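Please keep the sequence and the structure in view while reading.

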Amino acid sequence: TAWCGYTDVTIRATDPEGLWDEDTFRVAVTWSCQGPLPVPGQAAPQDEPITLDLTPYEPQVGDGTGMTWYVTGEDHCIVGGEHSEDDVLTFTSDPGFVGSDTVTLHMTYPWGSEATLDVVLTWGIKLYLPLVVRNDSTR
């Protein structure tokens, strides 16, 4: 099984007279870590937020806790939820914005390493159903 993460290791040395000393250190195994899975483009109507739960896109690392996300490259939106451990980001477009914004998601592992990926966010024009006016002149 491929595993990456960190663990504490304790070593104890004992001499022939029975005296001993011990030390604990943290080992990080990062060689087998995968980056996040690709995140598909996201879309919402104009002026509505895009909420993205990134948990399904994270690789399995240790007990699965301690990974956080932050965003760079946002030109037409404001990001909420960065650096929280619930892995949910909310993107709110600039008022009236219609179009796409490519942002870079940064996933930070518990030991400080990062992996990145780009995702395209798109806000479209709100479409309203046409109003049908009935002209009934027989009344």
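Does Glu 22 count as buried or partly exposed? With a relative accessibility of 37%, Glu 22 counts as partly exposed. The model is a predicted one, and the points below are grouped by topic.

**Overall build**
- The protein has 9 strands and 0 helices, and 28% of its 139 residues count as buried.
- Among the contacts with a separation of 6 or more, 54% are made by residues 24 or more positions apart.
- The accessible surface comes to about 9200 Å², and carbon and sulfur atoms account for 53% of that surface.

**The nonpolar core**
- The largest nonpolar core has 23 residues, of which Phe 91 and Leu 105 touch the most other members.
- Strands that give two or more residues to this core include S4 (50-53), S7 (88-93) and S8 (99-108), while S9 gives the most, with 5 residues.
- Beyond its neighbours within four places in sequence, Phe 91 is in contact with several residues, among them Ile 50, Val 71, Leu 105 and Trp 123.

**Salt bridges**
- Side chains of opposite charge can pair when their charged atoms come close.
- The structure holds 2 salt bridges.
- In one of them, Asp 8 pairs with Arg 26, with the closest N and O atoms 3.0 Å apart; because Asp 8 lies in strand S1 and Arg 26 in strand S2, this pair ties together parts that are 18 residues apart in sequence.
- Asp 8 is partly exposed, at a relative accessible area of 48%, whereas Arg 26 is exposed, at 52%.
- Arg 12 and Glu 22 also meet in a salt bridge, at 3.1 Å from N to O, and since Arg 12 lies in strand S1 and Glu 22 in strand S2, the pair ties together parts that are 10 residues apart in sequence.

Key:
Residues are numbered from 1 along each chain as its sequence is written. This is a predicted model: local features need pLDDT of at least 70, side-chain atom pairs count only at pLDDT 80 or more; totals for chains, interfaces and linings use all residues. Side-chain values use heavy atoms; hydrogens and water are left out. A nonpolar core is a set of buried Ala, Val, Leu, Ile, Met, Phe, Trp, Tyr and Cys residues joined through side-chain atoms within 4.5 Å. Buried means under 20% relative accessible area, exposed over 50%, partly exposed in between (1.4 Å probe, protein chains only). Helices (H or I, at least four residues) and strands (E, at least two) are DSSP runs, numbered from the N terminus. Contact means heavy atoms within 4.5 Å. Accessible areas come from the Shrake-Rupley method with a 1.4 Å probe; for residues, only the protein chains shown count as cover. A salt bridge is a side-chain nitrogen of Lys or Arg within 4 Å of a carboxyl oxygen of Asp or Glu.
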